[in-house]
Amino acid sequence: MMVEIPDSHPRKKSLLSRQKIVEGSLEGLLADSAMIAHGRGEAFDYLLGERTTESARLAVREAASRLSSAISPVISVNGNTVLLAGEGALRLAALLGCPIEVNLYYRTPERVSGLLSLLEEQRAKILEEPVPSGLEGDWRESVTNVPLLGGSADFRIEGLEGPRSHCTEEGIGRADSILVPLEDGDRCEALVNLGKEVIVIDLNPLSRSSRMATVTIVDEVSRAFDGMLAELISNPDCVPSEWDNANAISGSLDDITEFLREKKG
Ligand code: PTJ
């Protein structure tokens, strides 16, 4: 049931995200376990203070610089990501000039085509909006030209079993750098083993994907996309650093400890 959430509600953003997940589930766009994954994310976000921490900000900057320096970057999206941050993914892909690929853990043809249609609707919405400030060039053309892949899988991720290994050669197959929000650990490991640079967005700093990735952004998925877009607009010539991901994850765990200490008073 849809309810009107007043602007004054202190948890408005969180409730709106829940509503998106509930609606996506009812429309058959999400995995059965999508709400469990979302709830786990919410719990970690709470422990991080529901904000982009300083360590996440550094990871956002590193991810943005790596994606913009890559030869064939791709943004891989699953059900939760399209529902919560599809527009952010499209804006980032438009700026990077890279494709978005729907790549699902629980893959069915109906879910893939439903999510591709939703991305088309989100694209149409972005085209109606004002151009983000600070951008030069033909933004609308860049948004229009973002390839939306995944409809016909013609490639397999080596080292992975089952339908979740299906992908496209044009997207994940040939990518040297992959942004994978809310990823599962096995696929992350398989992609890293193929020599690809894997950038994960995951609120759980302890997850296997967080620990396997080249760069882990411990932040909520829509905040992370908005952060990368802002970073690339304000600092278009950013270059990758010698990134120590274990150290960055340790920084996120420190953020949680610090937040709990503040709460305890
Ligand atoms: O659409 P599909 O079929 O590809 O399935 C997607 C889900 C997310 C259901 C599937 O990949 C899954 O079961 O994922 P996990 O193993 O539960 O992992 C999801 C991770 O994402 C967890 O570590 C959560 O903490 C984290 N997470 C959840 N919501 C968010 C999040 N991270 C960032 N932003 C969020 N909004």
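Biologist: Before we get into details, how many of the 265 residues of this protein count as buried, as a percentage?
Modeller: Of the 265 residues, 52% count as buried, and please keep in mind throughout that this is a predicted model.

Biologist: And what does the radius of gyration say, once we know how many helices and strands there are?
Modeller: The protein has eleven helices and eight strands. Its radius of gyration is 18 Å, close to the 18 Å that the globule rule gives for 265 residues, so the protein is as compact as a globular protein of that length. Along the principal axes, the C-alpha atoms fill a box of roughly 55 × 45 × 45 Å.

Biologist: What share of the contacts joins residues at least 24 apart?
Modeller: If you take the contacts between residues at least 6 apart in sequence, 66% of them join residues at least 24 apart.

Biologist: How many bridges hold strand 7 and strand 8 as a pair?
Modeller: Strand 7, residues 197-201, pairs with strand 8 in the parallel sense over three bridges. Within that pairing, I199 stands opposite V215 of strand 8.

Biologist: Now backbone angles, which I always look at: where does E50 lie, and what is its phi?
Modeller: E50 lies in the loop between helix 2 (34-47) and helix 3 (54-69), and its phi is near 50°, a positive value in a residue other than glycine. As background, most residues other than glycine have a negative phi. L182, which is not a glycine either, also has a positive phi, of about 50°. L182 sits in the loop between strand 6 (177-181) and helix 8, and at a relative accessible area of 31% L182 is partly exposed.

Biologist: Back to E50, what does it form a salt bridge with?
Modeller: Its partner is R11, with the closest N and O atoms 2.6 Å apart. That pair links distant parts of the chain, since R11 is in the segment before helix 1 and E50 is in the loop between helix 2 and helix 3, 39 residues apart. R11 counts as partly exposed at 33% relative accessibility, and E50 is partly exposed as well, at 34%.

Biologist: How many salt bridges does a search of the whole structure find?
Modeller: The search finds 20 salt bridges. One of them joins the side chains of R123 and E120, at 3.1 Å from N to O. Because R123 and E120 are three residues apart in helix 5 (residues 109-128), about one helical turn separates them.

Biologist: Are R123 and E120 buried or partly exposed?
Modeller: R123 counts as buried at 9% relative accessibility, whereas E120 counts as partly exposed at 40%.

Biologist: What about R187, where is it and what does it touch?
Modeller: R187 is in helix 8, residues 185-193, and R187 is buried, because its relative accessible area is 3% and the cut-off for buried is under 20%. Leaving aside residues up to four places away in sequence, R187 touches N103, L104, Y105, I157, L160 and R164.

Biologist: Which residue does R187 form a salt bridge with?
Modeller: R187 forms one with E183, the closest N and O atoms being 2.7 Å apart, and E183 counts as buried too, at 8% relative accessibility.

Biologist: Last one, which residues are linked in a network of salt bridges?
Modeller: The network links R164, E183, D184, D186, R187, E189 and R208. R164 in that list is also one of the residues that R187 touches.

Methods
Residues are numbered from 1 along each chain as its sequence is written. This is a predicted model: local features need pLDDT of at least 70, side-chain atom pairs count only at pLDDT 80 or more; totals for chains, interfaces and linings use all residues. Side-chain values use heavy atoms; hydrogens and water are left out. Helices (H or I, at least four residues) and strands (E, at least two) are DSSP runs, numbered from the N terminus. The radius of gyration is taken over C-alpha atoms; the globule rule is 2.2 Å times the number of residues to the power 0.38. Buried means under 20% relative accessible area, exposed over 50%, partly exposed in between (1.4 Å probe, protein chains only). Contact means heavy atoms within 4.5 Å. Two strands pair if DSSP finds at least two bridges between them. A salt bridge is a side-chain nitrogen of Lys or Arg within 4 Å of a carboxyl oxygen of Asp or Glu.
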